[in-house]
Amino acid sequence: MKIITNEQSKKIDQAVIDNYRISELELIRTVGKKLGIECIRILKNYQNPNILVFSGTGNNGLDSLVVAEMLKKENFEVSIFLIKKRKDPNFNTLCKNCIDRNIPIISNIDILSRNIPEFIIDGILGTGLKGNVRLDLVKIIKLLNKISSKIISIDIPSGLDSDSGLIKGECIKADYTITVDSPKIGMLVRHGKIFSGKIIAVEISYLKKAHELLDGLEWRTFEESDLKKKLKKPRIDINKNQSGRVLVVGGSTGMSGAIILTTLAVLRSGSGMAICALPASLNNTFEMNVLEGISIPLQDDQSGYLKLKHYDIIMEKTEWADSVVIGPGIGRNIETQSLIKKLVLNIKKPLIVDADGLSCFEGNAKDLFQRKFPMVITPHLGELSILLNISVDKLISQFPQIMENFMKRFSHTALVKQVPACTFSETCAFLNTTGNPGLATAGSGDVLAGMLGSFISQGFNLSISTRMAAFIHGKSSDLLIDKLGYRGQLASDLLRLIPSVISNYEN
């Protein structure tokens, strides 16, 4: 499913007006009628519902007046609550149409204490919200969320940031959101899913054509149907060397669990062989927990970390591998960091850089840009903020814009572990549609890195592998909720679910 940013939404509207010779009023009428049709479809499932339309001062408010007019034509009992009278001619025209149809217009919120409507149409605020919701509107939104009315939001729930999914002071909690053209990113990230309810997108032909005029990242969701198109059963005559060979480089004292989880995830996701290069002092722990994996114990004099002297041995083993995962549990020793940087810049095989593998590039992302060979990085928001030398708050609030600028310089694939996980590759961005708060547990990212390395080793390209790994990882966690809830999930629990989830999608 295609999704758009706030800036893209503005450009689409302007492109229609500029290129298709459609007036602003005509565009509002067209959009309003499409929204009205969907409102009517919802409302016809209820017996003679009483409806109160809240009309704000933006374009959503104008759309809502067209919706009210359509509802009246269909003989629904409808009234309009005007947030504020406006002086522009479009408002005057649309408001007069409603008055001519004898639609009651009210401005006293106290009416809700005497007569609670069965449905609210929310046209208070739209995608153009800047800063927090005004205090007078906060009062109205709180009241609407408190009463028992079902709520249909127009385009986006009032108070929801259309790019970040953050609540701007207060937000309508909609039962339905009927959005114009394509869902906005903020409706699917962070709080957006909870506050948007059921999302219905209405298509308008010339708005769809205007997408061709957009530049920047193309945003989409990655869903179950997409995964089914990608996964196939293995060939009947395949052997372990053809199933994918993954080299995992990592481990340090106190974090041997990370390389164990990553190696098991490699094998559980379909790779035929996995070899782990790790400090020799961790080898016994590794071999006791990974029966099917192979280890390369690198002499560390009981220091518990990898050293620059291990570079040649690791590089030699990369010739065997189809993909390399570097970073799980590797630690932040200064010498280890020097080793990582040298490996990242010189390993020619497809490379996944995870966790502390990214720490040597903190505040200096341009060094990562120098890599000439295929690579995926898998930062969570904290790691990405340090990598880019910006605050986490700024990264969250300006996520689409920041990532668009980043991808202009970064020629590889990035899996950003936010809510939800998001894959960036070339000019495309894909929001994952699975996962839940249960994934916020130690080792979850190590499992994801192993899955990613596995799919790449099996011959899927880096972008597709990243999307597939994020989806299956999230889906496995979703299936654990009934038995373990959100708080009871461990990363090792995912390993037991991954094979059955994959099997459901193998054609």
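The entries below go from the sheets to the helices and then to a few loop residues.

**Entry 1: what I am looking at.** I note at the outset that this is a predicted model.

Entry 2: I traced an open sheet of 11 strands, and its order reads 1-9-18-17-16-15-14-13-10-11-12. The pairing in this sheet is mixed. At its edges I found strand 1 (2-3) and strand 12 (294-298), each with a single partner strand, so one side of each has no neighbour in the sheet.

**Entry 3: strand 18 and its partners.** Strand 17 (residues 422-425) pairs with strand 18 in the antiparallel sense, over 4 bridges. Here I checked two bridge partners: serine 425 goes with cysteine 428, and threonine 423 goes with phenylalanine 430.

Strands 17 and 18 make a hairpin with 2 residues between them. I looked at the turn, where glutamate 426 has a positive phi of about 55°.

Is strand 18 enclosed or open to the outside? I found 4 of the 5 residues of strand 18 (residues 428-432) buried, so the rest of the structure largely encloses this strand.

**Entry 4: the cis peptide.** I looked at the loop between strand 16 and strand 17, which holds proline 420. The peptide bond joining valine 419 and proline 420 is cis, with omega at about -5°.

**Entry 5: helix 17.** I then turned to the helix that lies across strand 10 (245-249), strand 13 (323-326), strand 14 (351-353), strand 15 (375-377) and strand 16 (413-416): this is helix 17 (residues 444-457). Helix 17 runs at about 165° to strand 13. I checked its span as well: helix 17 has 14 residues and reaches 20 Å from its first C-alpha to its last, close to the 20 Å expected at 1.5 Å a residue. Of those 14 residues, 13 are buried, so helix 17 is largely enclosed by the rest of the structure. Just after helix 17 I noted glycine 459, with a positive phi of about 105°.

**Entry 6: helix 16.** Which residues of helix 16 (residues 399-409) are buried? My list is Phe399, Pro400, Ile402, Met403, Phe406 and Met407. Looking down the axis of helix 16, I saw these buried residues fall within an arc of 160°, so they line one face of the helix. I jotted down a reminder beside this: an α-helix has 3.6 residues a turn, so residues three or four places apart point the same way.

Entry 7: I traced another open sheet, with 7 strands in the order 4-3-2-5-6-7-8 and parallel pairing. Strand 4 (105-106) and strand 8 (198-202) are the edge strands, each pairing on one side only. Further in, I followed strand 2 (residues 50-55) and strand 5 (residues 119-123), which pair in the parallel sense over 5 bridges. Valine 53 stands opposite isoleucine 121 of strand 5. Helix 3 (residues 59-73) packs on this sheet and touches strand 2, strand 3 (77-82), strand 5 and strand 6. The direction of helix 3 makes about 155° with that of strand 2.

**Entry 8: a buried lysine.** I moved to the loop between strand 7 (176-180) and helix 6 (192-196), where lysine 184 lies. Is lysine 184 buried or exposed? Its relative accessible area is 1%, so with the limit for buried at under 20%, lysine 184 is buried.

What lies close to its side-chain polar atoms? The backbone oxygen of serine 182 is 2.8 Å from a polar atom of the lysine 184 side chain, and the backbone oxygen of valine 180 is 3.1 Å from one. Leaving aside neighbours within four places in sequence, I listed Ile4, Ser9, Thr127, Asp155, Ser162 and Thr179 as the contacts of lysine 184.

Entry 9: I followed up on aspartate 155, a contact of lysine 184. Aspartate 155 sits in the loop between strand 6 (150-154) and strand 7, is buried at 7% relative accessible area, and has a positive phi of about 70° although it is not a glycine. Aspartate 181 lies in the loop between strand 7 and helix 6. Its phi is near 75°, and at 10% relative accessibility aspartate 181 counts as buried.

Terms used
Residues numbered from 1 in each chain as written. Predicted model: local features only at pLDDT ≥ 70, side-chain atom pairs only at ≥ 80, totals over all residues. Heavy atoms only, no water. Buried < 20%, exposed > 50% of the residue type's maximum accessible area, 1.4 Å probe, protein only. Pairing = 2+ DSSP bridges. Polar contact = N/O pair within 3.5 Å; in protein donor to acceptor, adjacent residues only side chain to side chain. Contact = heavy atoms within 4.5 Å. Arc of directions from axis to C-beta. Axes fitted to C-alpha atoms, helices over the stretch in contact; angles between N-to-C directions. Expected span 1.5 Å × (residues − 1).
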